Amino acid sequence: MSHRIWLRVNLPEKELSTLQQKFPTSELCRADDASVNAAWLQQVEAVFTEDVLPDELVRQMPSLKWLHVTRGGVNAYLTPTIKARPIQVTGSKGIHGTVFSEFALACILMLAKQLPECIEAQKHKRWQKLAPFEVEGKTIGIVGLGTVGVALARKAKALGMRVLATKRTATAKPDCVDELGTPDFLLQLLAQSDFVVLLLASVPTTFNIIGEKELRKMKPSAYLINLTGGRAIEEALLVRALKEQWFAGAVLDAFARQPLPEDSELWNLPNVIITPRIAGITSQKWPAVLPVFAENLRRFVAGEPLNNLVDKDLGY
C-alpha cells in the first residue's frame, strides 16, 4: 500500500534520494506551501515539517494521521486543529545535546573570561584591565536535566565545575551531576549557582516558572543563561531584575516574543547578551534529524508504534 508523505522541509537532493530508495512504495513529495498540489493534499497521510503547520493547511488534509517535526520541542506545533484530530505528533528529541551544550559552555567561558568587556573596550581603542575568573570550582545549576542538560553536565564536570540540576520527575542521578532534585530543589539550586542555565521545555507547565522570589535567590555575582525556556520568566520582570542587578547579567537565546521586537528593553541593557535563537543550530542538521524521521517513517508504514510520540495535552 502506497502512503503519501509530504516533505515540508528543504531537504537536500542527496537526503531525498536516500529516503526514496528506503521507501520505494511510499509517495514522497518535497514541496513548499506555494507549490504543493491542493488536490494531492487530500490524500496526504503524513507531514515532515520544520515550520508550524497552519490550521488552514491541516484542514486541507482530511487523511492526515501523523506529523513529524525537526525540533525536539513540539508545543508550538500543537495547533487547535492538530490537537482536536487524532493526528499523532512526533519530534526529533534526543539529537540536540551536543549543539546546545556546546553553546551553553561557550556562554559560560565567554562570561568568565569577560570577552564582552574586551570587545566593548576594543571598539573604543581602550586598553582596559579586567578581572576574568576560572570556571573550575564554580557551580553550574541546570534547570531541566534532559538530553541537553546531561550533555552539558558532562562537559561542565570535565572542567571541574560542581553540577546541580533539577528535573520534572525524580530519576537516578547521573554520575556527572553532584545534586539532582525535583522542582522543589529549584530555590536551593539558584542560591548556590554561579551560572544558571535554563533548558526547559516550552510548555504551559513551565511558563513563568521563575518569578521574583526565584530571581532574588540568585547570587549578585551569578549569570543567567536561557537557551530554551522563552516563557519561563515574564519579560518585564526579567528587565527589572537586570536593571536592578539582582544578579550579574544574562545571555538570552530564547524569548516569549520571537523575533525579539525592537521595542524590547532587553536590547539596551548593558548586562545582557542577546543571541537570535542560534543555540540549537548545527551544520550537521540532516545527518542528525533524518535518521529519526526515517525510523519513524518505517514504523508508520509498518503500522508500529512511533518513537518520540507527544502527549498533546502535556505538550511533550
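This is a predicted model: local features need pLDDT of at least 70, side-chain atom pairs count only at pLDDT 80 or more; totals for chains, interfaces and linings use all residues.
Among the open sites, the second largest pocket has a volume of about 390 Å³. This pocket is lined by 17 residues, of which Pro116, Glu117, Glu120, Pro270 and Ile273 lie closest to its centre. Two or more lining residues are contributed by each of helix 5 (97-112), helix 6 (115-123), strand 11 (249-252) and strand 12 (272-274), and helix 6 provides the largest share, with 5 residues. The lining of the second largest pocket divides into 10 nonpolar, 3 polar and 4 charged residues.

With regard to the cysteines, 0 disulfides were counted in the model. Cys176 takes part in no disulfide, the nearest cysteine sulfur being that of Cys107 at a distance of 19 Å, whereas a disulfide is assigned only to sulfur atoms within 2.5 Å. Cys176 counts as buried because its relative accessibility is 11%, which falls under the 20% limit for that class. Cys29, at 24% relative accessibility, is instead classed as partly exposed, a class that lies between the buried limit of 20% and the exposed limit of 50%.

Technical notes:
Residues are numbered from 1 along each chain as its sequence is written. Side-chain values use heavy atoms; hydrogens and water are left out. Buried means under 20% relative accessible area, exposed over 50%, partly exposed in between (1.4 Å probe, protein chains only). On a 1 Å grid over the protein atoms alone, a cavity is a set of points where a 1.4 Å probe fits but cannot get out, and a pocket is an open set with protein on both sides within 12 Å along at least five of seven lines; lining residues have an atom within 4 Å of a point. Grid points are joined across faces, edges and corners, and a volume is the space filled by probe spheres set on the points. Helices (H or I, at least four residues) and strands (E, at least two) are DSSP runs, numbered from the N terminus. Ala, Val, Leu, Ile, Met, Phe, Trp, Tyr, Cys and Pro count as nonpolar, Asp, Glu, Lys and Arg as charged, and the others, Gly among them, as polar.
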